[in-house]
Amino acid sequence: MEEVRETSAWVARNSSHVTIDSSGLEKVVETMNESIPKVEWDYEGIHYFDNGPLTVQYLFVLDALNFCFWPDKDLNYDHLAKGLKEALLNDHSAFDADHLRKYTGPQLRELLKWPRSLPLEEERVRLLHEVGFELERSFEGKASKLVESCGKSAVKLVALVTRHFPGFRDHSMYKGHQVFLYKRAQIFAADLWGAFKGQGYGEFNDIGSITMFADYIVPAVLQQLGVLKYSSTLENAIRASSEIGAGTEEEVELRACSIFAVEKMRELLSIKCGKQVLSVELDLWLWSVGVQCPSLQHHRTLSIYY
(Lines give C-alpha, C1' and ligand atoms only; values in the text may rest on other atoms or scores of the structure.)
Protein backbone atom coordinates (compact mmCIF):
# COMPACT_ATOMS: atom_id res chain seq x y z
CA MET A 1 0.00 0.00 0.00
CA GLU A 2 3.05 2.24 0.13
CA GLU A 3 2.70 2.49 -3.66
CA VAL A 4 -0.78 3.92 -3.18
CA ARG A 5 0.37 6.40 -0.50
CA GLU A 6 3.51 7.49 -2.33
CA THR A 7 1.95 7.96 -5.76
CA SER A 8 -1.08 9.74 -4.31
CA ALA A 9 1.23 12.09 -2.41
CA TRP A 10 3.10 12.81 -5.67
CA VAL A 11 -0.18 13.71 -7.38
CA ALA A 12 -1.15 15.98 -4.46
CA ARG A 13 2.19 17.82 -4.70
CA ASN A 14 1.86 18.29 -8.46
CA SER A 15 -1.88 18.75 -8.90
CA SER A 16 -3.35 21.44 -11.15
CA HIS A 17 -7.07 21.20 -10.38
CA VAL A 18 -7.42 19.92 -6.78
CA THR A 19 -5.64 21.23 -3.69
CA ILE A 20 -5.72 20.28 -0.02
CA ASP A 21 -6.58 23.13 2.34
CA SER A 22 -4.45 22.71 5.48
CA SER A 23 -6.64 24.98 7.60
CA GLY A 24 -9.78 23.15 6.46
CA LEU A 25 -8.13 19.86 7.35
CA GLU A 26 -7.21 21.11 10.82
CA LYS A 27 -10.74 22.35 11.46
CA VAL A 28 -12.22 18.95 10.62
CA VAL A 29 -9.71 17.23 12.90
CA GLU A 30 -10.57 19.66 15.73
CA THR A 31 -14.27 18.80 15.45
CA MET A 32 -13.35 15.10 15.69
CA ASN A 33 -11.19 15.62 18.79
CA GLU A 34 -13.87 14.93 21.38
CA SER A 35 -15.21 11.79 19.75
CA ILE A 36 -14.19 10.20 16.49
CA PRO A 37 -17.43 9.04 14.84
CA LYS A 38 -17.67 5.26 14.78
CA VAL A 39 -19.72 3.66 12.04
CA GLU A 40 -20.54 -0.04 12.13
CA TRP A 41 -19.59 -1.87 8.94
CA ASP A 42 -23.12 -3.22 8.31
CA TYR A 43 -24.95 -0.37 9.98
CA GLU A 44 -27.94 -0.76 7.62
CA GLY A 45 -28.14 -4.58 7.76
CA ILE A 46 -27.86 -4.90 3.99
CA HIS A 47 -25.12 -7.52 3.65
CA TYR A 48 -25.13 -11.31 3.68
CA PHE A 49 -23.25 -12.79 6.64
CA ASP A 50 -23.02 -16.36 7.92
CA ASN A 51 -19.55 -16.17 9.53
CA GLY A 52 -18.13 -18.63 6.99
CA PRO A 53 -16.68 -19.13 3.50
CA LEU A 54 -19.95 -18.23 1.77
CA THR A 55 -19.71 -14.71 3.22
CA VAL A 56 -16.21 -14.40 1.72
CA GLN A 57 -17.57 -15.50 -1.68
CA TYR A 58 -20.42 -12.99 -1.36
CA LEU A 59 -18.06 -10.13 -0.48
CA PHE A 60 -15.71 -10.89 -3.37
CA VAL A 61 -18.60 -10.90 -5.86
CA LEU A 62 -19.97 -7.72 -4.27
CA ASP A 63 -16.63 -5.94 -4.57
CA ALA A 64 -16.14 -7.17 -8.14
CA LEU A 65 -19.38 -5.33 -9.04
CA ASN A 66 -19.08 -2.35 -6.68
CA PHE A 67 -18.68 0.51 -9.16
CA CYS A 68 -20.42 3.18 -11.22
CA PHE A 69 -23.99 3.47 -9.97
CA TRP A 70 -24.56 7.13 -10.82
CA PRO A 71 -25.73 6.78 -14.47
CA ASP A 72 -28.97 5.28 -13.13
CA LYS A 73 -30.34 7.76 -10.58
CA ASP A 74 -32.39 5.03 -8.85
CA LEU A 75 -29.49 2.62 -8.42
CA ASN A 76 -27.03 2.65 -5.52
CA TYR A 77 -24.71 0.43 -3.52
CA ASP A 78 -27.53 -0.73 -1.23
CA HIS A 79 -29.41 -2.24 -4.18
CA LEU A 80 -26.33 -4.24 -5.14
CA ALA A 81 -25.55 -5.45 -1.58
CA LYS A 82 -29.16 -6.37 -0.79
CA GLY A 83 -29.82 -7.87 -4.22
CA LEU A 84 -26.80 -10.16 -3.98
CA LYS A 85 -27.72 -11.06 -0.39
CA GLU A 86 -31.24 -12.10 -1.41
CA ALA A 87 -29.93 -14.04 -4.39
CA LEU A 88 -27.62 -16.02 -2.10
CA LEU A 89 -30.36 -16.63 0.48
CA ASN A 90 -32.54 -18.02 -2.32
CA ASP A 91 -29.77 -20.17 -3.81
CA HIS A 92 -26.52 -20.89 -1.94
CA SER A 93 -24.87 -21.96 -5.21
CA ALA A 94 -25.60 -18.61 -6.95
CA PHE A 95 -21.97 -17.49 -6.63
CA ASP A 96 -20.25 -20.81 -7.24
CA ALA A 97 -17.34 -20.21 -9.60
CA ASP A 98 -18.86 -22.23 -12.45
CA HIS A 99 -22.07 -20.16 -12.18
CA LEU A 100 -20.16 -16.87 -12.16
CA ARG A 101 -18.47 -17.84 -15.43
CA LYS A 102 -21.84 -18.16 -17.21
CA TYR A 103 -23.95 -15.19 -16.15
CA THR A 104 -25.45 -13.00 -18.86
CA GLY A 105 -26.59 -9.39 -18.53
CA PRO A 106 -30.30 -10.32 -18.27
CA GLN A 107 -29.48 -13.02 -15.69
CA LEU A 108 -27.51 -10.53 -13.57
CA ARG A 109 -30.44 -8.12 -13.75
CA GLU A 110 -32.80 -10.91 -12.71
CA LEU A 111 -30.47 -11.81 -9.83
CA LEU A 112 -30.58 -8.21 -8.59
CA LYS A 113 -34.27 -7.80 -9.45
CA TRP A 114 -33.36 -4.72 -11.48
CA PRO A 115 -35.92 -3.78 -14.17
CA ARG A 116 -33.55 -2.38 -16.81
CA SER A 117 -29.98 -2.50 -18.08
CA LEU A 118 -27.35 -1.82 -15.43
CA PRO A 119 -24.71 0.88 -16.00
CA LEU A 120 -21.68 -0.71 -17.70
CA GLU A 121 -23.58 -3.99 -17.73
CA GLU A 122 -21.27 -5.73 -20.22
CA GLU A 123 -18.28 -4.88 -18.04
CA ARG A 124 -20.03 -6.18 -14.93
CA VAL A 125 -20.73 -9.48 -16.66
CA ARG A 126 -17.16 -9.66 -17.96
CA LEU A 127 -15.81 -9.16 -14.43
CA LEU A 128 -18.09 -11.87 -13.02
CA HIS A 129 -16.73 -14.26 -15.67
CA GLU A 130 -13.17 -13.23 -14.80
CA VAL A 131 -13.75 -13.85 -11.08
CA GLY A 132 -15.37 -17.24 -11.72
CA PHE A 133 -12.66 -18.38 -14.11
CA GLU A 134 -9.69 -17.37 -11.95
CA LEU A 135 -11.21 -18.63 -8.69
CA GLU A 136 -11.75 -21.99 -10.38
CA ARG A 137 -8.28 -22.03 -11.95
CA SER A 138 -6.22 -20.94 -8.94
CA PHE A 139 -8.28 -21.15 -5.74
CA GLU A 140 -10.48 -24.28 -5.99
CA GLY A 141 -13.39 -22.02 -6.91
CA LYS A 142 -13.42 -20.37 -3.47
CA ALA A 143 -12.65 -16.80 -2.48
CA SER A 144 -12.01 -18.15 1.02
CA LYS A 145 -8.96 -20.03 -0.36
CA LEU A 146 -7.72 -16.74 -1.81
CA VAL A 147 -8.03 -15.12 1.62
CA GLU A 148 -6.43 -18.05 3.42
CA SER A 149 -3.40 -17.81 1.11
CA CYS A 150 -2.61 -14.25 2.21
CA GLY A 151 -1.38 -15.26 5.67
CA LYS A 152 -3.45 -12.67 7.58
CA SER A 153 -1.90 -9.81 5.59
CA ALA A 154 -4.24 -7.26 3.99
CA VAL A 155 -1.33 -5.98 1.89
CA LYS A 156 -0.65 -9.47 0.54
CA LEU A 157 -4.36 -9.98 -0.13
CA VAL A 158 -4.51 -6.78 -2.21
CA ALA A 159 -1.38 -7.91 -4.09
CA LEU A 160 -2.91 -11.35 -4.76
CA VAL A 161 -6.22 -9.91 -5.93
CA THR A 162 -4.57 -7.44 -8.32
CA ARG A 163 -2.16 -10.11 -9.59
CA HIS A 164 -4.84 -12.70 -10.36
CA PHE A 165 -7.83 -10.52 -11.31
CA PRO A 166 -7.07 -7.80 -13.91
CA GLY A 167 -10.42 -6.09 -13.27
CA PHE A 168 -9.10 -4.97 -9.86
CA ARG A 169 -5.94 -3.31 -11.28
CA ASP A 170 -6.95 0.25 -10.55
CA HIS A 171 -4.12 2.50 -11.67
CA SER A 172 -3.62 5.45 -14.01
CA MET A 173 -0.92 7.44 -15.75
CA TYR A 174 -0.62 11.02 -14.48
CA LYS A 175 1.87 13.54 -15.88
CA GLY A 176 4.20 10.69 -16.86
CA HIS A 177 3.90 8.87 -13.51
CA GLN A 178 1.99 5.69 -12.75
CA VAL A 179 -0.50 6.19 -9.91
CA PHE A 180 -1.88 3.25 -7.92
CA LEU A 181 -5.31 3.56 -6.29
CA TYR A 182 -6.65 -0.02 -5.90
CA LYS A 183 -10.05 0.97 -4.51
CA ARG A 184 -11.96 -2.30 -4.97
CA ALA A 185 -9.06 -4.59 -4.02
CA GLN A 186 -8.53 -2.67 -0.80
CA ILE A 187 -12.23 -2.51 0.02
CA PHE A 188 -12.41 -6.30 -0.23
CA ALA A 189 -9.85 -6.55 2.60
CA ALA A 190 -11.71 -3.87 4.56
CA ASP A 191 -15.08 -5.57 4.04
CA LEU A 192 -13.67 -8.83 5.37
CA TRP A 193 -12.22 -7.02 8.37
CA GLY A 194 -15.50 -5.21 9.02
CA ALA A 195 -17.81 -8.18 8.45
CA PHE A 196 -15.81 -10.64 10.56
CA LYS A 197 -14.89 -7.95 13.13
CA GLY A 198 -11.18 -8.57 12.74
CA GLN A 199 -11.49 -12.30 13.43
CA GLY A 200 -11.32 -15.43 11.28
CA TYR A 201 -11.37 -14.50 7.60
CA GLY A 202 -11.22 -10.84 8.65
CA GLU A 203 -8.09 -11.09 10.79
CA PHE A 204 -5.27 -9.01 9.32
CA ASN A 205 -2.13 -8.06 11.19
CA ASP A 206 -1.63 -5.00 8.97
CA ILE A 207 -5.13 -3.54 8.47
CA GLY A 208 -3.60 -0.13 9.22
CA SER A 209 -1.79 -0.34 5.89
CA ILE A 210 -5.05 -0.02 3.93
CA THR A 211 -5.79 3.50 2.66
CA MET A 212 -9.17 5.11 2.10
CA PHE A 213 -11.10 3.96 -0.96
CA ALA A 214 -11.00 6.58 -3.67
CA ASP A 215 -14.52 6.77 -5.12
CA TYR A 216 -16.83 9.63 -6.11
CA ILE A 217 -18.60 10.11 -2.74
CA VAL A 218 -15.66 10.75 -0.39
CA PRO A 219 -13.99 13.47 -2.53
CA ALA A 220 -17.31 15.35 -2.59
CA VAL A 221 -17.62 15.09 1.21
CA LEU A 222 -14.03 16.29 1.67
CA GLN A 223 -14.78 19.27 -0.58
CA GLN A 224 -17.96 20.02 1.36
CA LEU A 225 -15.98 19.93 4.61
CA GLY A 226 -13.47 22.42 3.22
CA VAL A 227 -10.60 19.93 3.01
CA LEU A 228 -10.40 19.82 -0.80
CA LYS A 229 -10.50 22.90 -3.03
CA TYR A 230 -11.27 22.67 -6.76
CA SER A 231 -10.26 24.87 -9.66
CA SER A 232 -13.17 26.90 -11.04
CA THR A 233 -13.14 24.78 -14.22
CA LEU A 234 -13.45 21.54 -12.27
CA GLU A 235 -16.04 22.94 -9.89
CA ASN A 236 -18.16 24.15 -12.80
CA ALA A 237 -17.92 20.74 -14.51
CA ILE A 238 -19.12 18.98 -11.36
CA ARG A 239 -21.95 21.47 -10.81
CA ALA A 240 -23.05 21.03 -14.42
CA SER A 241 -22.99 17.21 -13.98
CA SER A 242 -20.60 17.02 -16.93
CA GLU A 243 -18.81 13.72 -17.38
CA ILE A 244 -15.12 13.77 -16.43
CA GLY A 245 -13.11 11.28 -18.44
CA ALA A 246 -11.45 8.31 -16.74
CA GLY A 247 -7.70 8.84 -16.47
CA THR A 248 -7.85 12.60 -17.02
CA GLU A 249 -5.77 14.85 -14.75
CA GLU A 250 -8.92 16.07 -13.00
CA GLU A 251 -10.19 12.56 -12.27
CA VAL A 252 -6.86 11.23 -11.01
CA GLU A 253 -6.38 14.32 -8.81
CA LEU A 254 -9.84 13.98 -7.24
CA ARG A 255 -9.07 10.43 -6.20
CA ALA A 256 -5.39 10.70 -5.28
CA CYS A 257 -5.80 13.95 -3.34
CA SER A 258 -8.61 12.31 -1.35
CA ILE A 259 -6.28 9.48 -0.35
CA PHE A 260 -3.55 11.96 0.63
CA ALA A 261 -6.02 14.14 2.57
CA VAL A 262 -7.34 11.20 4.61
CA GLU A 263 -3.77 10.10 5.39
CA LYS A 264 -3.04 13.65 6.60
CA MET A 265 -6.24 13.61 8.65
CA ARG A 266 -5.14 10.37 10.25
CA GLU A 267 -1.68 11.82 11.04
CA LEU A 268 -3.16 14.98 12.57
CA LEU A 269 -5.53 12.98 14.76
CA SER A 270 -2.53 11.11 16.10
CA ILE A 271 -0.36 14.22 16.64
CA LYS A 272 -2.98 16.65 17.93
CA CYS A 273 -5.37 14.29 19.73
CA GLY A 274 -3.16 11.30 20.50
CA LYS A 275 -5.73 9.04 18.84
CA GLN A 276 -4.88 6.20 16.51
CA VAL A 277 -7.51 5.91 13.80
CA LEU A 278 -7.49 3.64 10.75
CA SER A 279 -7.94 5.08 7.27
CA VAL A 280 -10.62 2.39 6.85
CA GLU A 281 -12.58 3.92 9.76
CA LEU A 282 -12.24 7.47 8.44
CA ASP A 283 -13.37 6.35 4.99
CA LEU A 284 -16.44 4.58 6.38
CA TRP A 285 -17.41 7.68 8.33
CA LEU A 286 -16.90 10.04 5.36
CA TRP A 287 -18.77 7.72 3.01
CA SER A 288 -21.71 7.34 5.42
CA VAL A 289 -21.92 11.14 5.67
CA GLY A 290 -22.00 11.38 1.87
CA VAL A 291 -24.66 8.77 1.18
CA GLN A 292 -26.97 10.44 3.72
CA CYS A 293 -26.75 13.74 1.82
CA PRO A 294 -28.97 13.53 -1.30
CA SER A 295 -27.93 17.00 -2.48
CA LEU A 296 -24.21 16.09 -2.54
CA GLN A 297 -22.74 16.89 -5.95
CA HIS A 298 -20.00 14.47 -6.99
CA HIS A 299 -17.89 14.07 -10.10
CA ARG A 300 -19.18 11.74 -12.80
CA THR A 301 -16.80 9.30 -14.43
CA LEU A 302 -17.62 6.07 -16.23
CA SER A 303 -15.22 3.58 -14.66
CA ILE A 304 -15.10 -0.03 -13.58
CA TYR A 305 -12.82 0.88 -10.67
CA TYR A 306 -15.30 2.82 -8.51
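Two residues are in contact when heavy atoms of theirs lie within 4.5 Å. Keep that in mind for the exercises below, which work on a predicted model.

**Exercise 1. Work out what share of the contacts with a separation of 6 or more comes from residues 24 or more positions apart, and then describe the overall build.**

Step 1: Take the contacts in the protein with a separation of 6 or more; residues 24 or more positions apart account for 77% of them.

Step 2: Next, list the elements: the protein has 14 helices and four strands.

Step 3: Check the radius of gyration. It is 19 Å, close to the 19 Å from the globule rule for 306 residues, so the protein is as compact as a globular protein of that length.

Step 4: For the outline, picture the C-alpha atoms filling a box of roughly 50 × 40 × 35 Å along the principal axes.

Step 5: Now look at burial and surface. Buried residues make up 57% of the 306 residues, while the protein exposes about 13,200 Å², with 49% of that supplied by carbon and sulfur atoms.

Step 6: Finish with charge. There are 33 positive and 43 negative charges, and their mean positions are 0 Å apart.

**Exercise 2. Asparagine 51 and tyrosine 182 have a positive phi. Find where each one sits, and decide whether each is buried or exposed.**

Step 1: Start with what to expect: most residues other than glycine have a negative phi.

Step 2: Asparagine 51 goes against that, with a positive phi of about 65°. Look for it in the loop between helix H2 (22-31) and helix H3 (53-64).

Step 3: Exposed means over 50% relative accessible area. Asparagine 51 has 54%, so it's exposed.

Step 4: Tyrosine 182 has a positive phi too, near 50°. Its loop runs between strand E3 (177-180) and helix H10 (183-195).

Step 5: Buried means under 20%. Tyrosine 182 is at 10% relative accessibility, so it counts as buried.

**Exercise 3. Describe the surroundings of threonine 301: is it buried or exposed, and which residues is it in contact with?**

Step 1: Go to the segment after helix H14 (279-291), where threonine 301 has its place.

Step 2: Threonine 301 has 0% relative accessibility, so it counts as buried.

Step 3: Set aside its neighbours within four places in sequence. Threonine 301 is then in contact with Cys68, Trp70, Ile244, Gly245, Ala246, Glu251 and Tyr306.

Step 4: Zoom in on isoleucine 244. Its backbone oxygen lies 2.7 Å from a polar atom of the threonine 301 side chain.

How values were computed: Residues are numbered from 1 along each chain as its sequence is written. This is a predicted model: local features need pLDDT of at least 70, side-chain atom pairs count only at pLDDT 80 or more; totals for chains, interfaces and linings use all residues. Side-chain values use heavy atoms; hydrogens and water are left out. Helices (H or I, at least four residues) and strands (E, at least two) are DSSP runs, numbered from the N terminus. Buried means under 20% relative accessible area, exposed over 50%, partly exposed in between (1.4 Å probe, protein chains only). The radius of gyration is taken over C-alpha atoms; the globule rule is 2.2 Å times the number of residues to the power 0.38. Accessible areas come from the Shrake-Rupley method with a 1.4 Å probe; for residues, only the protein chains shown count as cover. Lys and Arg count as positive and Asp and Glu as negative; His and the chain ends are not counted. The place of a charge is taken as NZ of Lys, CZ of Arg, CG of Asp or CD of Glu. A polar contact is a pair of N or O atoms within 3.5 Å; within protein, one must be able to donate a hydrogen and the other to accept it, and residues adjacent in sequence count only if both atoms are side-chain atoms.
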